[in-house]
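Grab a pencil and let's work through a few exercises together. Have a look at the model first, then try each task before reading its solution.

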Amino acid sequence: SRLDIAEGAVLLVGRALVGEEALLAALDTVVAGAPFRHMVTPGGFTMSVAMTNCGRAGWVTDRRGYRYTAEDPETGQPWPEMPGAFAALAREAATEAGFPGFEPDACLINRYEPGAKMSLHQDKDERDFSKPIVSVSLGLPAIFQFGGLSRSDRPSKVPLQHGDVMVWGGPSRLAYHGILPLKEGQHPRLGRNRINLTFRKT
Ligand code: MD3
Ligand code: FE
């Protein structure tokens with residue numbers, strides 16, 4: 001089913017379950033080429049979320065700042081190619097949510113273990129905010145916090161389950177958002193992990 005969360009923000013419940021096995025197989029291939037790692041923020045904190053990327057551009061952070069790179073800084077090699085199953089899902093979900101023609105060049109892959117969280121933030125490292133962001137939740141459930149355009153707007157809570165796809169466009173593109181600390185659990189296919197694929201046009 002399709003749920004409108006806010007203007008431009010659409011939750012496609014279970015949308016990634018069709019083709020789930022192809023998606024998870026492609027994920028394994030990407031992670032074999034570019035393993036998860038805990039990056040460091042410009043402020044010197046190690047993130048609780050482990051990250052990797054695929055596609056022409058990958059999001060990285062270190063003491064120097066946040067940016068997109070063509071190469072994995074751990075290896076100097078290009079990030080793994082965006083799998084066809086990833087690109088197709090992102091494009092189709094964006095179209096279903098009212099944003100046709102979405103061709104992401106970046107896929108950030110976040111891995112949460114129990115206790116990991118992502119504090120409220122905005123995604124502002126891209127050039128064209130008219131393009132949406134598509135995010136795919138896999139594995140353990142999480143509670144997503146969705147705020148407004150100002151950090152002080154009280155966020156609402158949206159539970160996200162394995163297979164859910166969210167599209168954030170229009171006025172929602174610059175909303176503050178975050179993930180509450182993951183609860184303990186076991187997922188039949190992904191164990192003690194939540195994986196989030198975030199597709200962006202940089
Ligand atoms: C709403 N990731 O990587 S994805 C991120 O579940 C990030 O790992 C979270 O926030 C995660 O930056 C949330 C959903 C998401 C992504 C971008 C957004 C929601 C968004 C941009 C604007 C508004
Ligand atoms: Fe974000």
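A residue counts as near a molecule if its C-beta atom, placed from the backbone, lies within 6 Å of it. This is a predicted model, where local features need pLDDT of at least 70, side-chain atom pairs count only at pLDDT 80 or more, and totals for chains, interfaces and linings use all residues. Residues are numbered from 1 along each chain as its sequence is written, while chains are lettered from A and ligands numbered from 1 in the order in which they are written.

**Exercise 1.** Find which residues come nearest to ligand 1.

*Solution.* Step one: look through the 15 residues around ligand 1; Asn110, Ser135, Trp168, His177 and Asn196 come nearest. Step two: check the strands (DSSP runs of E, at least two residues, numbered from the N terminus). E6, E8, E11, E12 and E13 each give the shell at least two residues.

**Exercise 2.** Work out the strand order of the open sheet of four strands.

*Solution.* Start with pairing: two strands pair if DSSP finds at least two bridges between them. E7 (118-121) and E10 (156-160) are the edge strands, each pairing on one side only. Now zoom in: two bridges join E7 to E12, and Met118 sits opposite Ile179 in E12.

**Exercise 3.** Describe the stretch that UniProt annotates as "domain: Fe2OG dioxygenase".

*Solution.* First, the record: this annotation, from an unreviewed entry, covers residues 103-202, though annotations may be inferred rather than shown by experiment. Next, the chain there is 0% helix and 42% strand. Last, its end C-alpha atoms are 10 Å apart.
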